[in-house]
Structure formats: structure tokens, C-alpha cells
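Here are some friendly notes to read alongside the model. Please keep the picture open and find each element as you go.

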Amino acid sequence: MSRPPSVADRIALTDLVARYAVAVDTRDFAALREVFTTDATLDTGRAVRAGIDAIVEAMRGLLRYEATSHVVGQHLVDPSDRGADGLVYCTAHHLRGHGDHRTDKVMHIRYHDRYVMTDHGWRIEARRLEVAWTDETRVG
């Protein structure tokens, strides 16, 4: 895609990013598989996961939290040789603990994405997570 992304492409890519957040927060790992290509990579800054099975396994690590909430903000999309590149801002809450000993770990994230068009629509081919900063507060 050397041309600017169309309005329809931008809507589809915005939806794709939202589907990732919903799949992660609802622990819908089948839906998560529909967001990435089968050979996608996920770079968390600590490790690079290659392939959809490795990505889903990494996301299962979120089960250690009582709940998560990924709030997606601005999303920039630019054309690239293979499809489109994206920059996504996200605030991700991670609730853990019980009773009066609960904490909310809040990560302020920038996702650096590469999107490709597949037979099933747009998918994330590569995602690099950049944590801008983290806050942890006591709740409850």
C-alpha cells in the first residue's frame, strides 16, 4: 500500500486495534487469533514472541490479574510497502489482589504496529509494545 490508507482501511484498522483490546480484556483467546497473522511477532520489550500460538500463550499471562482494561486512544496509520504501519496509544489497567489489598497497575503504552491485508481482512503482522511509564496504586 504505497497510497494513503482509504477511509474504509482506517475504519477497519481502528476496529482491528479495538478487537485486540476487547479480546485481551475478555480473555477471548480465539478472538485474539483473529487479530494477528499466523506468523505474527509480538515484541513486549522483554521477549519477542513469534507465531500466533506463542502470542496467545504470552497473553494468557494476563490471567494472573483479576481484570484488565485496555483503553485505546489516538491511532495513527501510515502507508507502508507491505500494508500500513500504526502507532497506537493505550492506557492499560491491571487489577490484582483481594479485598483491601488490591492494586491497579496502570501501563501507559505505545504500540508500534505493522498491518497487512490478508484473505480475512486486515491483521497485525508485527506489534512492538513500548511502555512509556507505569503507575501502581492501591484500590479498594
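**Notes on the fold**

1. Start with the pair β4 and β5, which run antiparallel and are joined over 13 bridges. Two strands count as paired if DSSP finds at least two bridges between them. Helices (H or I, at least four residues) and strands (E, at least two) are DSSP runs, numbered from the N terminus. Within this pair, His93 stands opposite Val106 in β5. The two strands make a hairpin with five residues between them, and Gly97 in that turn has a positive phi of about 105 degrees.

2. A word on the source: this is a predicted model, in which local features need pLDDT of at least 70 and side-chain atom pairs count only at pLDDT 80 or more, while totals for chains, interfaces and linings use all residues. Residues are numbered from 1 along each chain as its sequence is written, and side-chain values use heavy atoms, with hydrogens and water left out.

3. Next, follow β5 into β6. These strands are antiparallel and share 17 bridges, and a hairpin of two residues connects them.

4. Now step back to the whole sheet. It is open and has six strands, in the order β2-β1-β6-β5-β4-β3, with mixed pairing. At the edges are β2 (48–50) and β3 (67–79), each pairing on one side only. From one strand to the next, the twist averages 20 degrees. As background, strands of a sheet pair through backbone hydrogen bonds, either parallel or antiparallel.

5. Helix α1 (residues 7–26) lies across β1, β3, β4 (84–96), β5 (102–118) and β6 (121–139), and runs at about 160 degrees to β3. Contact here means heavy atoms within 4.5 Å.

6. Which residues touch the most other members of the largest nonpolar core? They are Tyr20, Leu32, Phe36, Met59 and Tyr115, out of 31 residues in that core. At least two residues come from each of α1, α2, β1, α3, β4, β5 and β6, and α1 gives the most, with six. A nonpolar core is a set of buried Ala, Val, Leu, Ile, Met, Phe, Trp, Tyr and Cys residues joined through side-chain atoms within 4.5 Å.

7. Leaving aside residues up to four places away in sequence, His70 touches several residues, including Ala21, Val24, Cys90 and Tyr111.

8. Finally, look at Arg27, in the loop between α1 and α2 (29–33). Its phi is near 60 degrees, a positive value in a residue other than glycine. Most residues other than glycine have a negative phi. Arg27 counts as buried because its relative accessibility is 19%.

Notes. Axes are lines fitted to C-alpha atoms, for helices over the stretch in contact, and angles run from 0 to 180 degrees between N-to-C directions. Buried means under 20% relative accessible area, exposed over 50%, partly exposed in between (1.4 Å probe, protein chains only).
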